[in-house]
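Keep the chain in view as you read.

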Amino acid sequence: METMKQLGKFGKLTPATAEAFQGWNAVAFKDGALSQKTKELMAIACAATTGCDYCLDVHGKSAKRAGATETEVAEALMIATAGKAGAAFAHAANAFQAFNDAEDDELFKKSYLSHVPGLKELAPDDFGAFFNFTMKATAKGELDVKEKELISTAVALITGCPYCIDSHVKNAKKAGATKEELAETVFIASALNAGSAFTKSVTPLKTFD
């Protein structure tokens, strides 16, 4: 109730911006190349990635209304978990660049990924367990591979992992995703990233009560 009270202030404090923001969200979550259900499941994964409790509550309820099952929600949440883990894992490419005292000034080169397989020899048990988890998280379940790869793409857009974006977009395309589906994925990720900032406004606004 307190959250809604504070967020409602935007209607008076910044009416034009608040209306535009709500209008954007309304458009983003309409049925399009992606169904509303898929978008809501994607939003749940994005909200888990941003850590926005309010977003998780809102989109969890919306996903249920759109026909999502509890298993589909659980699979989306596991994709978010794997995506955040994968972002840290992929940056091993840069961690080893630093460890090896590399002089290259450019970060995130694809060629740096050549360091990553070395983790298998350096920490074999961890490497095997990590890949066992991530492969199961993205395998076909109640959600198909294309849906999971698009959800993974949305998560990667929020974590900002360039290696993850490259990998999951290519996997989604291989699974049959279209440019239109990718475009809508981008806007769901954008909306949820914005939503996490929007809901944090509750704390500073209530100081004026």
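What follows is a walk through this model from its overall fold to its surface.

This is a predicted model, in which local features need pLDDT of at least 70, side-chain atom pairs count only at pLDDT 80 or more, and totals for chains, interfaces and linings use all residues. Residues are numbered from 1 along each chain as its sequence is written, and side-chain values use heavy atoms, with hydrogens and water left out.

Start with the fold. The protein has 13 helices and zero strands. Helices (H or I, at least four residues) and strands (E, at least two) are DSSP runs, numbered from the N terminus. The C-alpha trace spans about 55 × 40 × 30 Å along its principal axes. Contacts mean heavy atoms within 4.5 Å. Of the contacts with a separation of 6 or more, 72% join residues 24 or more positions apart.

Now go inside. Of the 209 residues, 39% are buried. Buried means under 20% relative accessible area, exposed over 50%, and partly exposed in between (1.4 Å probe, protein chains only). A nonpolar core is a set of buried Ala, Val, Leu, Ile, Met, Phe, Trp, Tyr and Cys residues joined through side-chain atoms within 4.5 Å. The largest such core holds 29 residues, and Met-42, Cys-46, Ile-151, Ile-188 and Leu-192 touch the most other members. Two or more residues come from each of helix 4 (36–50), helix 5 (53–65), helix 6 (70–90), helix 10 (145–159) and helix 12 (179–199). Helix 4 gives the most, with seven residues. A second, separate core has 13 residues, including Ala-87, Ala-90, Leu-119 and Cys-164. In soluble globular proteins, nonpolar side chains tend to be buried together.

Leu-192 touches Phe-29, Ala-43, Cys-46, Ala-47, Thr-50, Cys-55 and His-59, not counting residues up to four places away in sequence.

Turn to the charges. The whole structure contains eight salt bridges. Each is a side-chain nitrogen of Lys or Arg within 4 Å of a carboxyl oxygen of Asp or Glu. Lys-39 pairs with Glu-184, their closest N and O atoms 3.3 Å apart. This pair links helix 4 to helix 12, across 145 residues.

Asp-57 pairs with Lys-61, the closest N and O atoms being 3.3 Å apart. Both lie in helix 5, four residues apart, about one turn of the helix. Asp-57 counts as partly exposed because its relative accessibility is 37%. Lys-61 is also partly exposed, at 47%. Asp-166 and Lys-170 form a bridge at 3.2 Å between the closest N and O atoms. They too sit four residues apart, in helix 11 (residues 162–174). Elsewhere, Lys-5, Lys-9 and Asp-209 are linked in a network of salt bridges.

Leu-157, Val-186 and Phe-187 make a nonpolar patch of about 240 Å². Patches are made of residues with over 30% relative accessible area and no salt bridge: like charges are joined within 9 Å, nonpolar side chains (Val, Leu, Ile, Met, Phe, Trp, Tyr) within 5 Å. Phe-187 lies in helix 12 and counts as partly exposed, at 48% relative accessibility.

Methods
Areas by Shrake-Rupley, 256 points an atom, 1.4 Å probe, with all protein chains shown as cover.
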